[in-house]
Amino acid sequence: MADTVIPCPAATLLAVQGTPARFPVRRIYCVGRNYADHAREMGHTGRELPFFFAKPADAVLNIAADAEGVLPYPPLTSDLHHEIELVAALGSGGRDLSVEQAAACIWGYAIGLDMTRRDLQAEAKKAGRPWDAAKGFDHSAPLGPLHPVAETGPMTSGHIALTVNGQSRQSGDLSDMIWSVPEAIAYLSTLFELQAGDLIFTGTPAGVGAVVAGDRLEGRIDGLGTLKLRIA
Ligand code: MN
């Protein structure tokens, strides 16, 4: 390996259920407005082509299966929102994938939170500016351990839900996605060459809302267990 003039940044590694081996993260892509009820609550109707934004790989906040993660309340917002999402992790990639090829690229699934500085997003939308500051801040991607698709099978249906302090906030079914996970990945592969290590946040059901310091979030997706997070 070549000498480097500064230390190489550490790779982001995800825990994998049932093995000490880790999954290295390359890129994080997120699908916007992929459940009709959430699209409606954000003021949109009808089926549009999927669109994507990104988070930096080191925005991941790893949370072990039996632990409660801690998210420091991020700066420059007073409207931090939760978005519970199914996350697909790619074991292979490619360009211009068919839906069947895209499905075959999925290595595993995890529960993720697409944490969002909603006030900064609203300002960016109004000004026609990018969403990076709203979506890609430090620790904006809390993630539970990956479950290999070899064990879960393709995740096309199942309950997805989030509570805050024990109160139900988001509840939906994976089958309510506007674009299925393989469809979203296939479309994404027309924009970017996908590679092993890429993560896809697949959108959130309705019920997004604000959290404050001290709140306790519990996300749940059938077959993937729970994801616990406290806002500090
Ligand atoms: Mn989202």
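1. Nine salt bridges are found when the whole structure is searched, a salt bridge being a side-chain nitrogen of Lys or Arg within 4 Å of a carboxyl oxygen of Asp or Glu. The structure is a predicted model, in which local features need pLDDT of at least 70 and side-chain atom pairs count only at pLDDT 80 or more, while totals for chains, interfaces and linings use all residues. Residues are numbered from 1 along each chain as its sequence is written, and side-chain values use heavy atoms, with hydrogens and water left out.

2. One of these salt bridges joins the side chains of Asp198 and Arg26, at 3.0 Å from N to O. The two residues come from distant parts of the chain, 172 residues apart: Asp198 is in the loop between α6 (181-191) and β15 (199-201), and Arg26 is in the loop between β2 (19-25) and β3 (28-31). Helices (H or I, at least four residues) and strands (E, at least two) are DSSP runs, numbered from the N terminus. Asp198 is buried, with a relative accessible area of 0%, whereas Arg26 is partly exposed at 25%. Here buried means under 20% relative accessible area, exposed over 50%, and partly exposed in between, with a 1.4 Å probe and protein chains only.

3. Glu68 takes part in two salt bridges that deserve attention together. With Arg216, the closest N and O atoms are 2.8 Å apart. Because Glu68 lies in strand β6 (residues 68-71) and Arg216 in strand β17 (residues 216-221), this pair ties together parts that are 148 residues apart in sequence. With Arg230, the closest N and O atoms of Glu68 are 3.4 Å apart. Arg230 belongs to strand β18 (residues 225-231) and Glu68 to strand β6, so this pair ties together parts 162 residues apart in sequence. Relative accessibility is 31% for Glu68, which counts as partly exposed; Arg216, at 42%, is partly exposed, and Arg230 is partly exposed at 28%.

4. A manganese ion has Glu83 (OE), Glu85 (OE) and Asp114 (OD) as its protein donors, lying 2.0 to 2.2 Å from it. Donors are N, O and S atoms within 2.8 Å of the metal (3.2 Å for Na, K and Ca); water is not among the atoms, so sites may look incomplete. Along the chain, the donors of the manganese ion follow the spacing E-x1-E-x28-D. Glu83 lies in the loop between β7 (80-82) and β8, and Asp114 in the loop between β9 and β10 (116-117), so the pair ties together parts 31 residues apart in sequence. Both Glu83 and Asp114 are buried.

5. Strand β9 (residues 106-113) is largely enclosed by the rest of the structure, because seven of its eight residues are buried. It pairs with strand β8 (residues 84-90) in the antiparallel sense over seven bridges, two strands being paired if DSSP finds at least two bridges between them. Val87 stands opposite Ala110 of β9. On a further pairing, β9 and strand β12 (residues 147-148) run antiparallel and are joined by two bridges; there, Gly108 has Pro148 in β12 as its bridge partner.

6. The largest nonpolar core has 41 residues, and Leu86 and Ile185 have the most contacts inside it. A nonpolar core is a set of buried Ala, Val, Leu, Ile, Met, Phe, Trp, Tyr and Cys residues joined through side-chain atoms within 4.5 Å. Among the elements that each supply at least two residues of this core are β8, β9, β17 and β18, while α6 gives the largest share, five residues. Ile185 touches residues including Ala88, Leu97, Ile106 and Ile200, when residues up to four places away in sequence are not counted; contact means heavy atoms within 4.5 Å. A second, separate core of 20 residues includes Leu14, Ile28, Cys30 and Ala110.

7. Five aromatic pairs are counted; rings of Phe, Tyr and Trp (its six-membered ring) pair if their centres lie within 6.5 Å, and planes under 30 degrees apart count as stacked, over 60 as edge-to-face and the rest as tilted. The rings of Phe51 and Trp131 form an edge-to-face pair, because their planes stand at 85°, with centres 5.8 Å apart. Phe51 is partly exposed at 22% relative accessibility, whereas Trp131 is buried at 18%. Ring pairs link Phe51, Phe53 and Trp131 into a cluster.
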